[in-house]
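These are my notebook entries on a single structure.

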Amino acid sequence: MDLLGKKKGMPRSGFLDDQFLIAMPGMKDERFARSVIYVCAHSEEGAMGLIINQAQQLLFPDLLVQLGILDERQAIRLPAKTRDIVVRHGGPVDRSRGFVLHSDDYTVESSMPVSDEVCLTATVDILRAISAGKGPRHALMALGYSGWGAGQLEHEIAENGWLTCPANVDLLFDSDIDRKYDRILASIGINPTHLSSEAGHA
């Protein structure tokens, strides 16, 4: 996506990079109901992010086998921490393409910094590193992404489709997917039952 290529020279002020988008009850697109999206890139040209609280049926070891990184025998011997990585459904766009959000203690040439602590890598190098126990301390794997054209995300926020707040790294990377929506709301002092009357920014 062009947004990713242009990210490095982009001014930071006024953009939603490194923010959570929290779906409001008025969200018109059912694919995003109760979703939390981490925004990776945002400019006047549009936005790109990953849903972080929707799990795929596909297990991480199965993905490594499908990509030819490991054979089935090697996949069985993966340490539990690696074997239990949950593959997320990052969004409806380009579902066969993989993205890894990760801590900045590991980078390759293709890694794109999103914040001072978080990077995005979309090449298989990082999957090989993770499978070999040499990857980042924290990582989140997603297939597909969520994208918006110029002004589209801003319009959806104005229409009360999304609540925005600064991303919390601990909540971003923890594995408690089922409660992530409610826990992120709680972290900014919002009770989900009161959401219908909330709008705008936290």
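**Entry 1: salt bridges**

I began with Asp176 and Arg179, whose side chains meet in a salt bridge at 2.8 Å, N to O. I noted the term: a salt bridge is a side-chain nitrogen of Lys or Arg within 4 Å of a carboxyl oxygen of Asp or Glu. The model is a predicted one, in which local features need pLDDT of at least 70 and side-chain atom pairs count only at pLDDT 80 or more, while totals for chains, interfaces and linings use all residues. Residues are numbered from 1 along each chain as its sequence is written, and side-chain values use heavy atoms, with hydrogens and water left out.

In general, side chains of opposite charge can pair when their charged atoms come close. Asp176 counts as partly exposed, because its relative accessibility is 23%. The classes are buried (under 20% relative accessible area), exposed (over 50%) and partly exposed (in between), with a 1.4 Å probe and protein chains only.

How many salt bridges does the structure hold? I recorded 8.

I looked up two more of these pairs. Asp29 and Arg31 are joined through their side chains at 2.6 Å, N to O. Asp29 is partly exposed at 25% relative accessibility, and Arg31 is partly exposed too, at 46%. The side chains of Arg128 and Asp125 form a salt bridge at 4.0 Å, N to O. Both residues belong to helix α5 (residues 125–131), and they are separated by about one helical turn because they are 3 residues apart. For the record, helices (H or I, at least four residues) and strands (E, at least two) are DSSP runs, numbered from the N terminus. Arg128 has a relative accessible area of 46% and is partly exposed; Asp125, at 36%, is also partly exposed.

**Entry 2: cysteines**

I next asked how many disulfides the structure holds. The count is 0, where a disulfide is a pair of cysteine sulfur atoms within 2.5 Å. A disulfide is a covalent bond between the sulfur atoms of two cysteines. I also checked accessibility: Cys40 is buried at 0%, and Cys165 is buried at 1%.

Is Leu64 buried or exposed? Leu64 has a relative accessible area of 0%, so it is buried. Leu64 lies in helix α2 (residues 60–66). Not counting residues up to four places away in sequence, Leu64 touches Ile69, Leu70, Leu78, Leu127 and Ser131; contact means heavy atoms within 4.5 Å. I also noted that Leu64 and Val124 are 60 residues apart in sequence, with 9.5 Å between their C-alpha atoms.

Phe173 belongs to helix α7 (residues 169–173) and counts as buried at 11% relative accessibility. Beyond four places in sequence, the contacts of Phe173 include Leu101, Val118, His138 and Ala139. Phe173 and Leu101 are 72 residues apart along the chain, and their C-alpha atoms are separated by 8.6 Å.

His89 is part of strand β5 and is buried at 16%. With neighbours within four places left aside, His89 is in contact with Ile51, Gln54, Ala55, Gln56, Arg95 and Leu143.

**Entry 3: pockets**

On a 1 Å grid over the protein atoms alone, a pocket is an open set of points where a 1.4 Å probe fits, with protein on both sides within 12 Å along at least five of seven lines; lining residues have an atom within 4 Å of a point. Grid points are joined across faces, edges and corners, and a volume is the space filled by probe spheres set on the points.

The largest pocket has a volume of about 390 Å³. Of its 18 lining residues, Lys81, Ile85, Arg137, His138 and Ala139 lie nearest the centre.

β9 (139–148) and α6 (152–158) each supply at least two of the lining residues.
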